[in-house]
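Here is a short briefing on one protein chain. Look at the sequence and the structure first, then read on.

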Amino acid sequence: MQAAYQSTYSCSAERQGEEMTVKSVLISTDYEVSAQIVVDVRSFKIKYARWDAFRLPEGYTFIEKEIPDLIGLDAYFYSGREIRQAIDEELDGIPLELIIECIRGVGQAEAFLIPERGFPILKEFDEYCHKIGKDSCRYYSNLDRIAMSWTEYMGEHSLERNKGLFDRHKNYQIFLKPDGSFLTTAGFTDTFHEILLVTSLTQDGLVSECSGDFLRGPDQVCFENVALLPELIGKKLVAINKKELAALVGGSLGCTHLYEMFWDLGRAMTEVIAKKP
């Protein structure tokens with residue numbers, strides 16, 4: 001078996017006084033690209049945004065680009081359309097994907113900015129999350145079944161975290177088998193979640209086997225999402241669109257993070273298959 005490709009996405013959110021810098025990086029066999037935004041910790045309005053590219057498939061480079069059209073926009077879950085309209089589809093959309101990852105990082109870091117966001121008590125923050133998250137995933141579609149609230153899951157020391165607020169890493173490895181098929185591994189770990197996947201694909205990117213486990217998550221309800229993995233068998237990961245993928249593993253009875261993992265893996269598989277002689 002031959003190692004064929006590797007890619008890693010990282011996202012970190014760090015507070016500096018009344019501002020928070022969120023940085024997202026893709027480093028892979030073909031790319032090294034980063035993006036960052038600076039937001040106000042109370043309003044989450046974007047004060048600064050940029051992306052940089054240091055390596056592309058054709059070799060090392062240096063591209064730096066500020067994104068003034070993002071300034072003043074809300075860095076929040078509902079801002080996707082505005083964010084996409086403000087960023088050009090350069091480098092096959094990688095800078096846009098990294099900025100979206102930064103927006104996700106802001107949303108996750110909010111859990112450590114509860115007073116700054118205007119919630120005097122933790123219960124009010126939980127109620128707010130239940131309202132805006134309703135039916136967005138399996139967790140928020142089963143609030144009557146969860147064993148503890150989000151703030152209970154975070155623990156008693158959560159509000160003591162006031163500098164490094166959030167970290168996320170996603171890693172994908174692709175191996176070429178002697179018969180031309182592929183074995184892939186995928187890992188997702190962040191401040192709140194941890195998921196591992198193993199997927200086998202045919203020579204043209206069709207999923208033949210898929211398994212995995214949740215190692216950490218806010219509730220056992222989240223762990224039930226592994227039952228969705230067989231839905232991907234027979235699907236061509238390199239050709240599936242976001243809407244189709246979300247219908248399989250995302251949505252109200254799925255997991256946003258599984259969706260992200262398979263979307264990232266599909267992008268990486270596309271790069272590998274394109275290189276095959």
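Predicted model: local features only at pLDDT ≥ 70, side-chain atom pairs only at ≥ 80, totals over all residues.

The protein chain has seven helices and nine strands. Of its 277 residues, 49% count as buried.

**The whole chain**

- The C-alpha atoms fill a box of roughly 60 × 45 × 30 Å, taken along the principal axes.
- A compact globule of 277 residues would have a radius of gyration near 19 Å. The protein chain has 19 Å, so it agrees with that rule.
- Take the contacts between residues at least 6 apart in sequence: 56% of them join residues at least 24 apart.
- The accessible surface comes to about 13,200 Å². Carbon and sulfur atoms account for 52% of that surface.
- The chain carries 30 positive and 43 negative charges.

**Helix H2**

- Helix H2 covers residues 94-109, which makes 16 residues.
- From first C-alpha to last, H2 reaches 22 Å, close to the 22 Å expected at 1.5 Å a residue.
- Why is H2 described as largely enclosed by the rest of the structure? The reason is burial: 15 of its 16 residues are buried.

**Helix H7 and Ala-268**

- Helix H7 spans residues 256-275, and Ala-268 lies in it.
- H7 has 20 residues and reaches 29 Å from its first C-alpha to its last. That is close to the 28 Å expected at 1.5 Å a residue.
- In H7, 14 of the 20 residues are buried, so this helix is largely enclosed by the rest of the structure.
- An α-helix has 3.6 residues a turn, so residues three or four places apart point the same way.
- Is Ala-268 buried or exposed? Its relative accessibility is 4%, so Ala-268 counts as buried. The cut-off for buried is under 20%.
- Which residues does Ala-268 touch, leaving aside neighbours within four places in sequence? Ala-268 is in contact with Tyr-5, Ser-7 and Ile-174.
- Ala-268 and Ile-174 are 94 residues apart along the chain. Their C-alpha atoms are separated by 8.2 Å.

- Most residues other than glycine have a negative phi.
- Phe-44 has a phi near 65 degrees, a positive value in a residue other than glycine.
- Where is Phe-44? It lies in the loop between strand E3 (32-40) and strand E4 (46-56).
- Phe-44 has 1% relative accessibility, so it counts as buried.
- Asp-92 also has a positive phi, near 60 degrees, and is a residue other than glycine.
- Asp-92 is found in the loop between helix H1 (80-86) and H2.
- Asp-92 has 53% relative accessibility, so it counts as exposed. The cut-off for exposed is over 50%.

**Pro-178**

- Pro-178 is found in the loop between strand E6 (164-176) and strand E7 (182-190).
- At 80% relative accessibility, Pro-178 counts as exposed.
- How far apart are the C-alpha atoms of Pro-178 and Gly-72, and what separates them along the chain? The C-alpha atoms are separated by 52 Å, and the residues are 106 apart along the chain.

Technical notes:
Residues numbered from 1 in each chain as written. Heavy atoms only, no water. Helix = DSSP H or I, 4+ residues; strand = E, 2+ residues; numbered from the N terminus. Expected span 1.5 Å × (residues − 1). Buried < 20%, exposed > 50% of the residue type's maximum accessible area, 1.4 Å probe, protein only. Rg over C-alpha atoms; globule rule 2.2 N^0.38 Å. Contact = heavy atoms within 4.5 Å. Areas by Shrake-Rupley, 256 points an atom, 1.4 Å probe, with all protein chains shown as cover. Lys, Arg positive; Asp, Glu negative; His and termini not counted. Charge placed at Lys NZ, Arg CZ, Asp CG, Glu CD.
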